[in-house]
Structures are given as structure tokens and as C-alpha cells.
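Here are a few exercises to work through with the viewer open. Try each task before reading its solution.

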Amino acid sequence: SKCLNCLPSASKVDKRKHLAYEEFLENRRARCEHSFNATCANCLPPSEVSYKLKPNCTKHKPWPHGLCSDCQPPPASLNRQKYRHVDYVEILHFQEMARFVSLWTGSGMTIQRACMLIGHFEDDPNYPRGKKAVVEAIYE
């Protein structure tokens, strides 16, 4: 496989593992059979589940000394994501990223490091309805 810089300018990437996020939402909305002003689970974006404990439960001692089935969070099950938000990440200032990675690898990868990637999103012409993230800077 080739990187996007090595592909001919007129070529598109055909083999996709996941749908674009907009395609995923459109496919869900296509299953709706209700009036225009109504909503259902297929119309809405994926919901965020809260895994916080219910505060001030009176059935037991406070956490971590007690926990009941009413105040415990729901079980978490992992599923493969069916959609993708970004197809490609472009790094404008490669030296900054190389310095960040070299400091981490130089420590034997024993020290955890984190950074914020600062940039914007653009349409990616190499993927159908594709998006690319353009990283302009990193902040450690």
C-alpha cells in the first residue's frame, strides 16, 4: 500500500474499512419510518453513556466501602466502531512531532508523554466523503 503522497493525483482510495461518519448517520436515518418532525434512536448521533456512580445512595456506606446494583454504573462492553471521523492525519511541522517522539523513544519508552494536537479538519479528496486532520502544532 502507498501513502497519499505517493498516489497519483487522480486516484481515490477504494478499500475502506469503515464508513465516513456522515455516511453512518445517513444509513441510520434511512431506516426511519416516522414523520419529519419526530425523532427516534436512528435519527440521533450515538449516545454517550455515563459511567459515574450514583451519588448519595442511602442503601449502603459511601464508596469505596459499599456499592449496590442501583448506584453502580452499567457494564462496559467494547465493540468495533462502525464509522470513522478522520481518514488521514497531515502534520505540517514534522520537526515538532519528531522531537516529541524522539524524547519518548530516547527514554526507552518508559516515561508516559502526552500532547495536544492543534489544527483543523479539511475535506480529503482521496477518500469518498473523506476528512483529514491537519496538525499545525503540538502542545506538551
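Contact means heavy atoms within 4.5 Å. Keep that cut-off at hand, and remember that the model is a predicted one.

**Exercise 1. Find which residues Ala-114 touches, leaving out those up to four places away in sequence.**

Solution. 
- Step 1: Locate the residue. Ala-114 sits in the loop that links H2 and E4.
- Step 2: Apply the contact cut-off. Ala-114 touches Phe-100 and Glu-140 once residues up to four places away in sequence are not counted.
- Step 3: Look at the pair Ala-114 and Glu-140. They are 26 residues apart in sequence, yet their C-alpha atoms lie 6.3 Å apart in space.

**Exercise 2. Decide whether Ala-114 is buried or exposed.**

Solution. 
- Step 1: Take the relative accessible area of Ala-114, which is 60%.
- Step 2: Compare it with the cut-off: exposed means over 50%.
- Step 3: Ala-114 is therefore exposed, because its relative accessible area is 60%.

**Exercise 3. Work out the strand order in the open sheet and name its edge strands.**

Solution. 
- Step 1: Follow the pairing. The sheet has 3 strands in the order E3-E5-E4, with mixed pairing.
- Step 2: Pick out the strands that pair on one side only. These edge strands are E3 (88-91) and E4 (116-124).
- Step 3: Check the twist, which averages 30° from one strand to the next.
- Step 4: Examine E3 and E5 (residues 130-139). They run parallel and are joined by 4 bridges; Val-89 has Ala-133 in E5 as its bridge partner.
- Step 5: H2 (residues 94-106) lies across E3, E4 and E5, and runs at about 70° to E5.

**Exercise 4. List the buried residues of helix H1 and say what they pack against.**

Solution. 
- Step 1: Go through H1 (residues 21-30). Its buried residues are Tyr-21, Glu-23, Phe-24, Leu-25 and Arg-28.
- Step 2: Look for their neighbours. The buried residues of H1 pack against strand E1 (19-20) and strand E2 (83-84).

**Exercise 5. Describe the whole protein by its elements, burial and contacts.**

Solution. 
- Step 1: Count the elements. The protein has 2 helices and 5 strands, arranged along the sequence as β-α-β-β-α-β-β.
- Step 2: Turn to burial. Of the 140 residues, 20% are buried.
- Step 3: Residues 24 or more positions apart account for 51% of them.

Conventions:
Residues numbered from 1 in each chain as written. Predicted model: local features only at pLDDT ≥ 70, side-chain atom pairs only at ≥ 80, totals over all residues. Heavy atoms only, no water. Pairing = 2+ DSSP bridges. Axes fitted to C-alpha atoms, helices over the stretch in contact; angles between N-to-C directions. Buried < 20%, exposed > 50% of the residue type's maximum accessible area, 1.4 Å probe, protein only.
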